[in-house]
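Visitor: I have just opened this one and would like to go through it with you. Could you start with how the chain is put together?

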Amino acid sequence: MTTEEILLHHLQALGHGDIDGILSDYAEDAIVFSPNGLICGRDAIRAAFEGFVKNSPPELLQAFKIVRQDINENIGYIIWEATPFIKMATDTFVIRDGKIAVQTYAIFSS
């Protein structure tokens, strides 16, 4: 799969709250750089997404909108919003061997 295809799948799975679908895009030893610190490995990433989906109002995922997406070979970058819950957020993804190996994100709430 291409970087664009992996990101599309990831975002669609997130939009449906499909935790297993989300996790299928990550390498077993993936690392996520978050505002709260490093999240290392697929099990920890699962816990983070489960918490995000559980603690987010359903309207947040419905309001999710990509503002910008840039892809350069194995790196993807998105800017998104989920108004009125999230004013702006950014994610950067590094893809290796068809899986997300590294992700960074920042969220700016309204």
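Guide: One thing to begin with is the contacts: among those in the protein with a separation of 6 or more, 38% are between residues 24 or more positions apart. Please keep in mind that this is a predicted model.

Visitor: OK, and how many helices and strands does the protein have?

Guide: There are four helices and six strands, and along the sequence they follow the pattern α-α-β-β-α-α-β-β-β-β.

Visitor: What radius of gyration does the protein have, and what would a compact globule have?

Guide: The protein has a radius of gyration of 13 Å, which agrees with the value near 13 Å for a compact globule with 110 residues. Taken along the principal axes, the box filled by the C-alpha atoms is roughly 35 × 30 × 25 Å, and 36% of the 110 residues count as buried.

Visitor: On to the inside, then. Which residues touch the most other members of the largest nonpolar core?

Guide: That core has 25 residues, and those touching the most other members are I22, Y26, I45, F49 and F93. Two or more residues come from each of α1, α2 (19-23), β1, α3, α4 (58-63), β4 and β5, with α1 giving the most, five residues. As a general background, nonpolar side chains in soluble globular proteins tend to be buried together.

Visitor: Changing topic: is T90 buried or exposed?

Guide: T90, which is found in strand β5, has a relative accessibility of 17% and therefore counts as buried, the cut-off being under 20%. Not counting residues up to four places away in sequence, T90 touches Y77, I78, I79, W80, T104, Y105 and A106.

Visitor: What about the backbone? Which peptide bond is cis?

Guide: The peptide bond from T83 to P84 is cis, with omega near 10°, and P84 has its place in the loop between β4 and β5. For context, most peptide bonds are trans, and most residues other than glycine have a negative phi.

Visitor: On phi, what value does E73 have, and where is E73?

Guide: E73 has a positive phi of about 55° although it is not a glycine, and E73 is placed in the loop between β3 (65-72) and β4. D97 also has a positive phi, near 55°, and is a residue other than glycine; D97 lies in the loop between β5 and β6.

Visitor: Are those two buried or exposed?

Guide: E73 is exposed, with a relative accessible area of 71%, and D97, at 83% relative accessibility, counts as exposed as well.

Key: Residues are numbered from 1 along each chain as its sequence is written. This is a predicted model: local features need pLDDT of at least 70, side-chain atom pairs count only at pLDDT 80 or more; totals for chains, interfaces and linings use all residues. Side-chain values use heavy atoms; hydrogens and water are left out. A nonpolar core is a set of buried Ala, Val, Leu, Ile, Met, Phe, Trp, Tyr and Cys residues joined through side-chain atoms within 4.5 Å. Buried means under 20% relative accessible area, exposed over 50%, partly exposed in between (1.4 Å probe, protein chains only). Contact means heavy atoms within 4.5 Å. The radius of gyration is taken over C-alpha atoms; the globule rule is 2.2 Å times the number of residues to the power 0.38.
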